[in-house]
Amino acid sequence: MRFVPVVDQNQTPLMPTTPSRADRWIKSGKATGFWKQGIYCVRLNTQPSGRVTQPIAAGVDPGSKREGFTLKSAAHTYLNIQAEAVTQVSDKLKARREMRRGRRFRKTPYRKCRPNRRQAKAKGRIPPSTHARWNAKLRTLKQVAKVFPVTGVVVEDIQASTRRRRKGKQNKQGWNVTFSPLQVGKAWFYVEIEHAGWTLHLRQGHETKALRDKWGLKKTSRKLDEKFEVHCVDSWAMANDVTGGHSVPDNTSLMIVKYLEPKRRQLHRFQPAKGGIREDRGGTAKDGLVRGSLVVYKGRGLGVLGGWTKVGLTINTLAGQPKYKAVKRANITFVAHNKWVTKYAN
């Protein structure tokens, strides 16, 4: 990272500093380094020389597979995040529904079938998959706002297609079935941004394109590439439109984020193992550690706790790739909790 976030003794975010200055603070005892969701930060041990902060805008570019976030002031671009969108919730709900139905045809205890009470609740309820997708954006903003003094959020106001379509089993009204969830989800997201105390700015898609053309920025159509030109070019353009200060991006490095999917505890696995036995599944904590935590493996540096096996713990790289297996608990030192795994790309 080109800049290191700074917080005071009360965890109040201050203006970021350069890595060299942060190193001098740590060596002199003026500050202490720590990790916050894959971001290295420093905490001041003395009173700061000043508390004046510049306005920092967070640009958000929603996407179906990847999403872009940019933190920028008039002077610098502090952070660009390309995150994977949360898309697995609908599949998990479908699997849960099918397993519950299957238990009703076996000679095993099961709860009585009853109407879906969630759908019968208050008007305006958000579907679980829609809530998970938009809540991931909100959680990302809240996490970075703990170490950066974010004052405003600018979002590309995406629009759902409302074309008339042929009626079918899944589309009884004949309209685009994604229209309502998208509108409900983004309306909820906008309200939550204002509740968090941030100033909300909206930009339409054609306005974002006009900003890119104004500064001569190009956007790639390869949506799964780990490049600034995929989504962060839009989030940067919107943030720069709010803060001003640049005509070309001054920082195009990326922090790639993948949200962790905790394996929730289940009574048994979906499919029986050899011999027809269904083993226990799930659980995120053991031996005082939580899966996904940032740890130090003795003699081998930082890693992410992957899980547990019968012979020991598993340590992954910071990007979430398996690296060490059968690691003893005594050789691991806890550093910080993680809600996502990260890696950096230029």
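What share of the contacts in the protein chain with a separation of 6 or more comes from residues 24 or more positions apart? The share is 59%, where a contact means heavy atoms within 4.5 Å. The structure is a predicted model, in which local features need pLDDT of at least 70 and side-chain atom pairs count only at pLDDT 80 or more, while totals for chains, interfaces and linings use all residues. Residues are numbered from 1 along each chain as its sequence is written, and side-chain values use heavy atoms, with hydrogens and water left out.

The overall picture comes first. The protein chain has six helices and 18 strands; these are DSSP runs numbered from the N terminus, with helices being H or I over at least four residues and strands being E over at least two. Of the 346 residues in the chain, 39% are buried. Here, buried means under 20% relative accessible area, exposed means over 50%, and partly exposed is in between (1.4 Å probe, protein chains only). The accessible surface of the chain comes to about 20200 Å², and carbon and sulfur atoms supply 51% of that surface. Such areas come from the Shrake-Rupley method with a 1.4 Å probe, and for residues only the protein chains shown count as cover.

Leaving aside neighbours within four places in sequence, Lys-137 is in contact with Pro-62, Glu-67, Phe-69 and Phe-189. Pro-62 is 75 residues away from Lys-137 in sequence, yet the two C-alpha atoms are 8.4 Å apart in space. The side chain of Lys-137 also reaches the backbone oxygen of Arg-133, at 3.4 Å.

Salt bridges come next. The structure holds ten of them, each being a side-chain nitrogen of Lys or Arg within 4 Å of a carboxyl oxygen of Asp or Glu. One of these pairs is Lys-92 with Glu-261, whose closest N and O atoms are 3.5 Å apart. This pair links distant parts of the chain, 169 residues apart: Lys-92 sits in helix α2 (residues 89–103), and Glu-261 in the loop between β10 (254–259) and β11 (285–286). Lys-92 is partly exposed, with a relative accessible area of 44%, and Glu-261 is partly exposed at 43%.

A second salt bridge joins Asp-157 and Lys-186, with the closest N and O atoms 3.1 Å apart. Asp-157 lies in the loop between β8 (150–156) and α4 (179–195) and Lys-186 lies in helix α4, so the pair ties together parts that are 29 residues apart in sequence. Both Asp-157 and Lys-186 are buried.

Asp-234 and Lys-219 form another salt bridge, their closest N and O atoms being 2.5 Å apart. Asp-234 belongs to helix α6 (residues 232–243) and Lys-219 to the loop between α5 (205–215) and α6, so parts 15 residues apart in sequence are tied together. Asp-234 is buried, at 1% relative accessible area, whereas Lys-219 is partly exposed, at 29%. Salt bridges that share partners join Arg-212, Lys-219 and Asp-234 into one network.

The cysteines complete the tour. The structure holds zero disulfides, a disulfide being a pair of cysteine sulfur atoms within 2.5 Å. Cys-41 counts as buried, at 0% relative accessibility, and Cys-232 is buried with a relative accessible area of 0%.

Key. Polar contact = N/O pair within 3.5 Å; in protein donor to acceptor, adjacent residues only side chain to side chain.
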